[in-house]
Amino acid sequence: MLMTRPRVKICCISSIEEAIMAIELGASALGLVGNMPSGPGVIGDDLINRIAKTVPPPISTFLLTSETKPKEIIKHYNKVNTTTIQIVDELENRQYDILRRELPHVKLVQVIHVLSDKSIKEAVKISKYVDAILLDSGNPKLSVKELGGTGRIHNWKISREIRKSIQIPPFLAGGLNNDNVREALEVVQPFCLD
């Protein structure tokens with residue numbers, strides 16, 4: 001089976017040098033992790049802003065934010081000025097319209113933590129409000145929320161059903177490595193690997 005070169009988002013970029021290296025190696029997007037309750041790669045907003053300023057188009061820069069209130073997400077975004085906001089937790093009252101109105105030039109990506117078949121319905125509902133869905137292996141229902149960076153894979157068959165059920169691009173994250181990335185591409189057929 002002949003496969004085209006997949007799009008790749010490299011997350012947890014922690015310096016300008018790492019950003020340059022990821023771009024030189026073919027990354028389509030860079031993930032810049034803001035404050036999180038758990039997981040790797042957190043850097044300060046000043047550094048996120050400095051890195052984002054150095055990244056040339058068409059490479060996308062993603063602010064990973066754990067904020068759940070639109071006004072707090074907007075405040076966080078205004079400190080960093082990335083091209084995209086990746087919302088890693090559930091947005092309060094699904095108020096995406098506020099984000100769209102205040103930040104019309106910014107792409108919105110909502111993380112769906114693939115926990116069960118219920119994730120399919122959740123992804124379909126949310127897909128009406130955002131530019132892309134990112135399928136990951138965290139668990140926001142734990143006492144210390146896991147909002148990504150777990151190193152675990154999830155049920156890719158559910159992710160494939162989500163991809164088939166939505167009309168926007170799906171990104172696939174969660175435990176991807178050299179040994180399983182080809183299988184992930186074949187099973188899920190995502191728009192982009194994270």
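Analyst: I will describe the pocket and its lining, then turn to cysteines and finally to the nonpolar core.

The model is predicted, so local features need a pLDDT of at least 70 and side-chain atom pairs count only at pLDDT 80 or more, while totals for chains, interfaces and linings use all residues. Residues are numbered from 1 along each chain as its sequence is written, and side-chain values use heavy atoms, with hydrogens and water left out.

A pocket here is an open set of points, on a 1 Å grid over the protein atoms alone, where a 1.4 Å probe fits and protein lies on both sides within 12 Å along at least five of seven lines; a lining residue has an atom within 4 Å of a point. The largest pocket holds about 520 Å³ of space, a volume being the space filled by probe spheres set on the points, which are joined across faces, edges and corners. Its lining has 29 residues, and those nearest the centre are Cys 11, Gly 149, Ala 173, Gly 174 and Asp 194.

Strands are DSSP runs of E with at least two residues, helices are runs of H or I with at least four, and both are numbered from the N terminus. Strands β1 (7-10) and β6 (132-136) each give at least two residues to this lining, and β1 gives the largest share, three residues. By class, 15 lining residues are nonpolar, eleven polar and three charged, where Ala, Val, Leu, Ile, Met, Phe, Trp, Tyr, Cys and Pro count as nonpolar, Asp, Glu, Lys and Arg as charged, and the others, Gly among them, as polar.

A disulfide is a pair of cysteine sulfur atoms within 2.5 Å, and the whole structure has zero. The cysteine sulfur closest to that of Cys 11 belongs to Cys 12, but at 4.3 Å it is too far for a bond. Cys 192 is buried, at 2%, and its sulfur is 11 Å from the closest cysteine sulfur, in Cys 11, so this distance is also too far for a bond.

A nonpolar core is a set of buried Ala, Val, Leu, Ile, Met, Phe, Trp, Tyr and Cys residues joined through side-chain atoms within 4.5 Å. The largest core has 31 residues, with Ile 85, Ile 133 and Ile 162 making the most contacts inside it. Strand β6 is one of the elements that each supply at least two residues of this core.

Notes: Buried < 20%, exposed > 50% of the residue type's maximum accessible area, 1.4 Å probe, protein only.
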